[in-house]
Amino acid sequence: MLNKSVVKVLIGSMHELPEKLGKTVKVNGTDIAVFRLSNGKIRAIENRCPHKGGVLTEGLVSGDSVFCPMHDWKICLEDGKVQAPDTGCVQTYKTVVENGTVYLIIEE
């Protein structure tokens with residue numbers, strides 16, 4: 001069994017994340033979309049729609065989903081799954097808020 005290392009990546013202050021708008025963070029060459037939902041939760045997903053590679057930080061956030069700006073695919077920010085009838089999935093990432101500061105948790 002391999003031990004995974006966990007890396008905390010500083011995203012910024014909770015107040016630096018506008019509600020329902022995405023922020024792109026680059027980690028090890030990967031673009032990650034970080035969102036602050038209207039309920040205050042922070043979600044992070046791969047910043048690329050599985051359909052045609054649309055940039056998800058440019059999408060419309062509604063509830064716990066983001067709509068791809070290219071073809072309006074609905075992607076759940078909780079589990080990364082695309083809503084039917086479309087299919088696909090994006091990578092999700094854990095986040096944590098400590099004293100108002102947001103961190104992305106990356107397992108390597």
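The protein exposes about 6400 Å², of which carbon and sulfur atoms supply 48%; this accessible area comes from the Shrake-Rupley method with a 1.4 Å probe. The structure is a predicted model, in which local features need pLDDT of at least 70 and side-chain atom pairs count only at pLDDT 80 or more, while totals for chains, interfaces and linings use all residues. Residues are numbered from 1 along each chain as its sequence is written, and side-chain values use heavy atoms, with hydrogens and water left out.

The secondary structure comprises zero helices and nine strands, where helices (H or I, at least four residues) and strands (E, at least two) are DSSP runs numbered from the N terminus. The radius of gyration, taken over C-alpha atoms, is 14 Å, close to the 13 Å that the globule rule (2.2 Å times the number of residues to the power 0.38) gives for 108 residues, so the protein is as compact as a globular protein of that length. Along the principal axes, the C-alpha atoms fill a box of roughly 40 × 35 × 20 Å.

Buried residues, meaning those under 20% relative accessible area with a 1.4 Å probe and protein chains only, make up 36% of the 108 residues. Thr57, which lies in the loop between strand S4 (42-46) and strand S5 (60-62), counts as buried because its relative accessibility is 14%. When neighbours within four places in sequence are left aside, Thr57 is in contact (heavy atoms within 4.5 Å) with Gly22, Lys23, Thr24, Ala33, Phe35 and Asn47.

Notes:
Buried means under 20% relative accessible area, exposed over 50%, partly exposed in between (1.4 Å probe, protein chains only).
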